[in-house]
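Subject: Structure handover

Hello,

Here is the structure for your files. My notes on it follow below the entry.

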Amino acid sequence: MKKKLIINGKNTLVLSETLSKVLHEINVRKSQNVAIAVNEEVVQKINWKNYKIKSGDIIEIVQPLKGG
Amino acid sequence: MKNFLSIGNKKFKSRLFMGSSRYPNHQIMLESLEASKTQVVTVAIRRISLKKYNENIIDILKKKYFILPNTAGCYTVKEAVLTAELAREALKTNFVKLEVIGNDEDLLPDVENLIPAAKELVKKKFHVLPYCNDDPIICKKLEDIGCSAVMPLAAPIGSGMGIQNQHNIKLIVEKSNVPVIIDAGVGTASDVSIAMELGCDGVLLNTAVAEAQNPELMAQAMAEAIDAGRNAFLAGRIPKRLFAKNSTTNKGKINLMKRN
């Protein structure tokens, strides 16, 4: 069954069970500079593989960009 | 005499921090950073695009510069703290330029939220460099809660108006036991020199170089202004006088006799 997530502010349906697989499913390349928060808590990269996603999760996927 | 700027466990030979935004293109940014002789480059933390390719500037910058993430655009304590934590995870650094602003029109710091955000980040073992008002009391409070530096603004971000309150900056420098870095509002090289002459430990700027007609040349001017201002500060300027004081002595001057 598809899970309904909010990823970077947008409603997104995914099939994957873990954070790692969600990234793959939505085509996020695992650049070493990406960081993720689920429900306002940072999930460290080493835990992406085992982090279970559930419907309703709010996910922020960020990276460093140009800034002052 | 301190030849290095020390913040937390880092030492920097250059006292100029540079932003990485608003350059005409990548190449000009890299050339300008080079010309500025900076060692510290700031970046923002933003959502990746799920649709298009996300450019990765960090891998290039990381090879040469110490990357200082900011919390630009954050309005609340929660937003700023989470952004800093994401930055730490993305960049493996516990340094953060903390910005908590009040609105997106003047981009001025919201100190009522800045202070609790700084407190929380210090507790979470961050080296916090807060962008703050040119207010000696606020700067002292930020130092007291454990910030690694204070970064009072010269003028609003991107305004290019230069230091609006030199007296306050001088007071901050006099009272501060942590580095004082002027952040925001620099327009041209003389603004940088003035900051350094007042005794500031460094300057962070972006738009003044990135949007100059010749960014690379302006970057070079900023580097020279840092050195000129710093040396002038260390050399110790003369006091200002209301009346003139001759530099050449009158002794031995010819004195024409009146003929009649």
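I start with strand β7 of chain B, residues 127-132, where five of the six residues are buried, so the strand is mostly covered. Bear in mind throughout that this is a predicted model.

On one pairing, β7(B) runs parallel to strand β6 of chain B (residues 95-98), with four bridges between the two. Within that pairing, Phe95(B) lies opposite His127(B) of β7(B).

Helix α5 of chain B, residues 136-144, belongs with β7(B) and β8(B) to a β-α-β unit that is right-handed.

Next, the contact between the chains. Chain B puts 26 residues in contact with 21 residues of chain A. On the chain B side, the elements that supply two or more residues are β4 (40-47) and α3 (77-91). Sorted by class, that side of chain B consists of 13 nonpolar, nine polar and four charged residues.

There is also strand pairing across the two chains: strand β5 of chain A (residues 58-66) and β4(B) are antiparallel and share five bridges. One of the residue pairs is Lys66(A) with Val43(B), the latter being its bridge partner in β4(B).

One residue elsewhere in chain B is worth a line. Leu234(B) sits in helix α9 of chain B, residues 215-235. Between the C-alpha atoms of Leu234(B) and Gly158(B) the separation is 29 Å, and the two residues are 76 apart along the chain.

Finally, the confidence values. For chain B the mean pLDDT is 94, with 98% of the residues at 70 or more. For the complex, the predictor reports an ipTM of 0.94 and a pTM of 0.91.

Regards

Note on methods:
Residues numbered from 1 in each chain as written. Chains lettered and ligands numbered in written order. Predicted model: local features only at pLDDT ≥ 70, side-chain atom pairs only at ≥ 80, totals over all residues. pLDDT = per-residue confidence, 0-100. Buried ≥ 20, exposed ≤ 12 C-beta atoms within 10 Å, placed from the backbone. Pairing = 2+ DSSP bridges. Right-handed = clockwise from strand over helix to strand, strands pointing away. Contact = placed C-beta atoms within 7 Å. Nonpolar A, V, L, I, M, F, W, Y, C, P; charged D, E, K, R; others polar.
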